Amino acid sequence: MLTVGDKLPAFDLQAVVSTDPRSAFARITDTTNPGKWKVLFFWPKDFTFVCPTEIAAFGALNGEFADRDAVIYGISTDSEYVHLAWRQNHKDLAKLPFPMLSDIKRELSTALGVLHREEGVCLRATLIADPEGIIRFVSVNDLSVGRNPQEVLRVLDALQTDELCPCNWQKGEPVLTAA
């Protein structure tokens with residue numbers, strides 16, 4: 001599994017960006033948003049129970065991530081057509097403000113090492129890469145446990161200070177100084 005300090009691998013994936021079939025699809029690559037922080041979060045399967053709670057929670061915080069010069073990419077191994085159908089049929093995903101990427105060939109999830117060995121689907125992995133594409137944060141949950149997008153935002157804030165941030169540090173609080 002790639003980890004902190006590794007370079008985000010190159011990728012070129014089909015994504016769903018709306019519910020309108022005429023404009024729903026776009027290509028997203030590792031170079032699509034130059035100069036931005038990238039938050040990549042993976043989920044196991046569309047049309048499941050825990051996944052939409054996380055996706056909607058990231059969607060609710062999209063503006064906060066954007067205010068911090070970060071883009072969110074949600075990713076699973078489902079096809080772009082399954083992503084589209086899910087968005088069209090789940091009220092919490094209909095107006096999702098970030099793209100849902102299809103890693104149907106499992107290239108990115110394999111390169112990152114975030115596939116569940118037995119199930120062959122993505123673990124609930126979250127990565128933050130800086131504007132140079134260097135991975136600065138990795139968190140992985142088991143298939144049955146949802147993650148906390150607010151904590152991902154807190155970690156992004158801490159990373160962007162480029163300072164020593166204590167446990168439970170929140171944006172605007174003092175950072176530590178080395179003695």
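Begin by selecting Arg106, which is partly exposed at a relative accessible area of 29%; here buried means under 20% relative accessible area, exposed means over 50% and partly exposed lies in between, computed with a 1.4 Å probe on protein chains only. The model you have open is predicted, and for that reason local features need pLDDT of at least 70 and side-chain atom pairs count only at pLDDT 80 or more, while totals for chains, interfaces and linings use all residues. Residues are numbered from 1 along each chain as its sequence is written, and side-chain values use heavy atoms, with hydrogens and water left out.

Most residues other than glycine have a negative phi.

**The sheet**

Next, colour the strands, and you will find seven of them forming an open sheet of mixed pairing in the order β2-β1-β5-β4-β3-β6-β7; two strands are taken to pair if DSSP finds at least two bridges between them. The edge strands are β2 (25-29) and β7, each of which pairs on one side only, and the twist from one strand to the next averages 30°.

Within this sheet, select β1 (residues 12-16) together with β5 (residues 100-102), which run antiparallel and are joined by three bridges. Gln14 stands opposite Ser102 in β5. Is Ser102 buried or exposed? Ser102 counts as buried, at 4% relative accessibility. A polar atom of the Ser102 side chain lies 3.5 Å from the backbone nitrogen of Glu80, which can be read against the definition of a polar contact: a pair of N or O atoms within 3.5 Å, where within protein one must be able to donate a hydrogen and the other to accept it, and residues adjacent in sequence count only if both atoms are side-chain atoms. Not counting residues up to four places away in sequence, Ser102 touches Leu13, Gln14, Ser76, Asp78, Ser79, Glu80 and His83, contact meaning heavy atoms within 4.5 Å.

From here, show helix α3 (residues 80-89), which lies across β1, β2, β4 and β5 and runs at about 150° to β5; axes are lines fitted to C-alpha atoms, for helices over the stretch in contact, and angles run from 0 to 180 degrees between N-to-C directions.

Then move to β6 and β7, an antiparallel pair joined by six bridges, in which Arg124 has Asn141 of β7 as its bridge partner. The hairpin of these two strands has five residues between them, and Gly133 in this hairpin takes a positive phi near 85°.

Now select helix α5 (residues 149-161), whose 13 residues reach 19 Å from the first C-alpha to the last, close to the 18 Å expected at 1.5 Å a residue; the expected span is 1.5 Å times one less than the number of residues. At the start of α5, a side-chain oxygen of Asn148 reaches to within 2.9 Å of the backbone nitrogen of Gln150. The buried residues of α5, among them Val152, Leu153, Leu156 and Asp157, pack against β3 (37-42), α1 (51-60), α2 (62-67), β4 (70-76), β6 (124-129) and β7 (135-141).

Which residues have the most contacts inside the largest nonpolar core? In this core of 23 residues they are Ile55, Phe58, Phe65 and Ile128, a nonpolar core being a set of buried Ala, Val, Leu, Ile, Met, Phe, Trp, Tyr and Cys residues joined through side-chain atoms within 4.5 Å. The elements that give two or more residues to the core are β3, α1, β4 and α5, and the largest share, five residues, comes from α5. A second, separate core of 19 residues includes Ile75, Val114, Cys122 and Ala125.

**Past the helix**

Finally, follow the chain just after α5 to Asp162, which takes a positive phi of about 55°. In the segment after α5 you will also find Asn168, whose phi is positive as well, near 65°, and which counts as exposed at 57% relative accessibility.

Definitions and conventions
Helix = DSSP H or I, 4+ residues; strand = E, 2+ residues; numbered from the N terminus.
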